[in-house]
Amino acid sequence: MELIRLEGVSYAYPGRPGVLKELDFTLSEGQRLGIVGPNGAGKSTLFQLCMGLIKPQAGTVRGLGQPCSSEKDFRPLRQKVGYLFQDPDDQLFCLTVAEDVAFGPLNLGKGRHQALHLVSSTLKSLGLEGYERRVTYQLSGGEKRLISLAAVLAMQPTAVLLDEPSTGLDAERAQAMERALVDSELSWAMVSHDRDLLERTCHKVLSLQDGRLRA
Amino acid sequence: MAKHPKHAGPPEPRSLDHAPAAGPAARLDPRGKVVVVFAYSVLMALCPGPLVPAVGVALGLALAAWSRLGWRLLLKRTLAVNSFVAFLWLFLPWQLTLGAEAGFGVVYNPDGVRLAGLITLKANAIFLAVVALLGSSHINDIFHALAHLHLPAKLVTLFVLFYRYLHVMRLEYLRLRQAMAMRCFAPGSNLHTYKSYAQLVGVLLVRSIERSERVYQAMLCRGFRGTFWLLDHFVWRPADTVFCVLGFAAIILLGLMQWGGYPWN
């Protein structure tokens, strides 16, 4: 099933030359895509467009096969596709880990018990048992990153957009995350500068250059 | 900042003032504490005479001892609060005179001294009760208590996010200061220093706006539609009822002392 499709999408930040020029991109269920590209090539911009956080100046965004333009159009897509931000501090806004991880499931209408169950099972799958009562701003950088991934995975998405998921993780934690992802049923698009990681975990690696994606 | 060993087990969340909250006050339901402290603060603020606030200070000291916050910490916080109060003592005892007979001058004003004394007593009475009762709770529990007490959700959310991102802002500020220090910035009383500080504040402001946008985007991505969920639920115990009854009895007694028509007023 097709999850996200961008068709002829262009985007420019105000007062700057365009970052993305008539770009086409598709993420379907079962696909695991890697995306490489130089700094400032528009990798994060691409993800923000996919999730409807910014609007393209030209082209269309389709989520789950439907054309999406308004905030409301993107809601069903966001239930199916999670987005891991580059900076975990943007994502962890609650004071305790449990609340933050439960935030998504509760928004999806899960009950308190179900949400708490999802919290503990998700944390466990990432090797983070017992972190429920920890205070988010007292976590180390690596811990924050894993917890923010847990917050995304707790919504049980079909696919995830991962923006530099392994940055700031030590070897052990990076491995734990890689294992959790590879062993899952998830589809994804992953942005990273770590070419080896992409080769290991993705079916196909695309490169974003001059505003377009190339194989 | 707090340091935890990297793979250690989960430590307890810390209390409002980072003190080990071990006393009996820490185990009370924060909802009861918030309500009692609020009523008590209103009473103290309304008192016209010095007697009841003086009793309030004594009561506050007793509560502080009871909640076992530690005297050193209490002293530190009391000094911080009273450094603001000190300004009142600097300005209130003096009165400007302007007029034909008196001429222009500054004279001693005994009413001002009385007022400064009254404000000092009230401020300390309220402060001691807040520190002793609310300060012994985890800040997270205070937020939740406010939400459970049906304060406007927007206000509570604002409060939570403020506290959460204050730390991020502080770290950003420290990083910027370090970056300045690494390039041999030595603050002095000159234009370069003022300009640099202005830049620092400007950068912090812009970054915080950008951060708030990203935080909101991240919330949208996880299905946020305006509801802030409460995960923690409190358990009301008999001790909480006893505390609230005693608290309100004390508040009523203090009110009677003030407005009951007794000869000492």
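## Paired strands β7 and β8 of chain A

D163(A) stands opposite V191(A), a residue of β8(A). The pair belongs to the parallel pairing of strand β7 (residues 159-163) of chain A with strand β8 (residues 187-191) of chain A, which extends over 5 bridges. Pairing here requires that DSSP find at least two bridges between two strands. Helices (H or I, at least four residues) and strands (E, at least two) are DSSP runs, numbered from the N terminus.

This is a predicted model, in which local features need pLDDT of at least 70 and side-chain atom pairs count only at pLDDT 80 or more, while totals for chains, interfaces and linings use all residues. Residues are numbered from 1 along each chain as its sequence is written, and chains are lettered from A and ligands numbered from 1 in the order in which they are written.

## The six-stranded sheet of chain A

Strands β7 and β8 are part of an open sheet of 6 strands in chain A, with the order β6-β7-β8-β3-β9-β10 and mixed pairing. Its edges are formed by β6 (81-84) and β10 (212-214) of chain A, each of which pairs on one side only. From one strand to the next, the twist averages 20°.

Helix α6 (residues 141-153) of chain A lies across β6 and β7 of chain A and runs at about 165° to β6(A). Axes are lines fitted to C-alpha atoms, for helices over the stretch in contact, and angles run from 0 to 180 degrees between N-to-C directions. Two residues are in contact if their C-beta atoms, placed from the backbone, lie within 7 Å.

## The four-stranded sheet of chain A

Chain A also contains an open sheet of 4 strands in the order β2-β1-β4-β5, with antiparallel pairing. The edge strands are β2 (20-28) and β5 (66-68) of chain A, each pairing on one side only. The twist in this sheet averages 20° from one strand to the next. In a regular strand the side chains alternate between the two faces of the sheet.

Strand β1 (residues 2-11) of chain A pairs with β2(A) in the antiparallel sense over 6 bridges, and L6(A) stands opposite F25(A) in β2(A). β1(A) is also joined to β4(A) by 5 bridges, again running antiparallel; E7(A) stands opposite T60(A) in β4(A). Between β4(A) and β5(A) the antiparallel pairing covers 3 bridges, and the bridge partner of V61(A) in β5(A) is C68(A). β4(A) and β5(A) form a hairpin with 2 residues between them, and L64(A) in the turn has a positive phi of about 50°. Helix α1 (residues 43-50) of chain A lies across β1, β2 and β4 (58-63) of chain A, at about 120° to β1(A).

## Contact between chains A and B

The contact takes 31 residues from chain A and 27 residues from chain B. On the side of chain A that touches chain B, the elements giving two or more residues are α2 (71-80), α3 (88-91) and α4 (97-107) of chain A. α4(A) provides the largest share of that side, 7 residues.

By class, the side of chain A that touches chain B has 16 nonpolar, 8 polar and 7 charged residues. Ala, Val, Leu, Ile, Met, Phe, Trp, Tyr, Cys and Pro count as nonpolar, Asp, Glu, Lys and Arg as charged, and the others, Gly among them, as polar.

## Helix packing in chain B

The axes of helix α3 (residues 71-91) of chain B and helix α4 (residues 110-134) of chain B come within 10 Å and cross at roughly 155°. α3(B) is therefore roughly antiparallel to α4(B). Angles under 35 degrees count as roughly parallel, over 145 as roughly antiparallel, 65 to 115 as roughly perpendicular and the rest as oblique. In this contact, L74(B), R77(B), V81(B), V85(B), L88(B) and W89(B) of α3(B) meet A116(B), I119(B), T120(B), A123(B), F127(B) and V131(B) of α4(B). The residues of the contact comprise 10 nonpolar, 1 polar and 1 charged.

Helix α1 (residues 30-46) of chain B and helix α5 (residues 139-148) of chain B have axes that come within 8 Å and cross at roughly 75°. α1(B) is therefore roughly perpendicular to α5(B). P30(B), R31(B) and V34(B) in α1(B) meet D141(B), I142(B), A145(B), L146(B) and H148(B) in α5(B). This contact of α1(B) with α5(B) divides into 5 nonpolar, 1 polar and 2 charged residues.
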